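Biologist: Could you take me through this structure slowly, and tell me at each step what the words rest on?

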Amino acid sequence: MAKAKLRVASDRLNTPTDLDPNDVAKISEGLTVLLSDLFALYIKTKNFHWHVSGPNFRDYHLLLDEQSQQIFAIIDAVGERARKIGGTTLRSLGQAEQLKRVPDNNADYVSPLEMLKELRDDNKALTANMRELHGVTDDAKDVSTTSLLEEWIDQSEERTWFLYEATREATDSGH
């Protein structure tokens, strides 16, 4: 009986689409992993925003706040995209913890430069993961998800660029 209820609930969540059901499953799974990564990156960025210190405090604090807002702004769109095509998505923080690829940083203290470098690398990895999902959505002819991914990839590349430049300034000393 539990399986029957699950099937009925699943049928109720099965938004009609012209996409192949196998593609819907692959895309919604990819979007769910992406959503998990975004939640993890959002929390990590806010963690560093709250705990940054030192001579560049104001600049780094504002940069990380801006970046966390940008990440947060796409979270809902990712989850809703999975639903629009008839898939399901993230249901809990526990599920997000199992799926995320962004490593946590629970250290009591992280230097500002190390914070920026870590987030730079996390955003660079996020970009690569979105490019991989872009290939799946492009092959499935899911032009809407593909288009959204292109915008999100651009945003992630910009975050990586800003973080890279901020870390260069601290290490290049103008030469």
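This is a predicted model: local features need pLDDT of at least 70, side-chain atom pairs count only at pLDDT 80 or more; totals for chains, interfaces and linings use all residues.

Biologist: How do you know that the span of H5 agrees with its 28 residues?

Modeller: The expected span of a helix is 1.5 Å times one less than its number of residues, so the 28 residues of H5 should span 40 Å, and the 41 Å between its end C-alpha atoms agrees with that. After H5 comes Lys141, whose phi is positive, near 60°. For H3, which also has 28 residues, the span should be 40 Å, and its end C-alpha atoms are 41 Å apart, which agrees. H3 is followed by Gly86, where phi is positive, near 95°.

Biologist: Why is Ser68 called buried?

Modeller: Buried means under 20% relative accessible area, exposed means over 50%, and partly exposed lies in between (1.4 Å probe, protein chains only). Ser68 has a relative accessible area of 1%, and therefore counts as buried. Ser68 lies in helix H3, where the buried residues also include Tyr60, Leu64, Ile71 and Val78. Not counting residues up to four places away in sequence, Ser68 touches Tyr42, Thr45 and Lys46, where contact means heavy atoms within 4.5 Å. In the protein chain, buried residues make up 41% of the 175 residues.

Biologist: And what makes His49 and His134 count as buried?

Modeller: His49, which is found in helix H2, has 6% relative accessibility and so counts as buried. His134, which is found in helix H5 (residues 112-139), has 19% relative accessibility, and that value also makes His134 count as buried. Leaving aside neighbours within four places in sequence, His49 is in contact with His61, Leu64 and Asp65, whereas His134 is in contact with Thr146, Leu149, Glu150 and Ile153. His49 and Leu64 are 15 residues apart in sequence, while from C-alpha to C-alpha they are 5.2 Å apart in space.

Biologist: What share of the contacts joins residues at least 24 apart?

Modeller: Among contacts in the protein chain between residues at least 6 apart in sequence, 82% join residues at least 24 apart.

Biologist: What makes a set of residues a nonpolar core, and how many residues does the largest one have?

Modeller: A nonpolar core is a set of buried Ala, Val, Leu, Ile, Met, Phe, Trp, Tyr and Cys residues joined through side-chain atoms within 4.5 Å. The largest one here has 36 residues, and those with the most contacts inside it are Leu31, Leu34, Leu38, Val78, Leu116, Met130 and Trp152. H2, helix H3 (57-84), H5 and helix H6 (143-172) each supply at least two residues of this core, and its largest share, nine residues, comes from H2. Leaving aside neighbours within four places in sequence, Val78 is in contact with Leu31, Leu34, Leu35, Leu38 and Trp152.

Biologist: What makes a space a pocket rather than a cavity?

Modeller: On a 1 Å grid over the protein atoms alone, a cavity is a set of points where a 1.4 Å probe fits but cannot get out, whereas a pocket is an open set with protein on both sides within 12 Å along at least five of seven lines, and lining residues have an atom within 4 Å of a point. About 260 Å³ of space lies in the largest pocket. Its lining has 14 residues, of which Phe39, Ala40, Ile43, Lys100 and Asp104 are the closest to its centre. H2 gives the most to this lining, with six residues.

Biologist: How much space lies in the second largest pocket, and which residues line it?

Modeller: The second largest pocket holds about 170 Å³ of space, a volume being the space filled by probe spheres set on the grid points, which are joined across faces, edges and corners. Among the residues that line this pocket are Lys26, Val33, Leu34, Arg101, Met130 and Val136, and H2 and H5 each supply at least two residues of the lining.

Note on methods. Residues are numbered from 1 along each chain as its sequence is written. Side-chain values use heavy atoms; hydrogens and water are left out. Helices (H or I, at least four residues) and strands (E, at least two) are DSSP runs, numbered from the N terminus.
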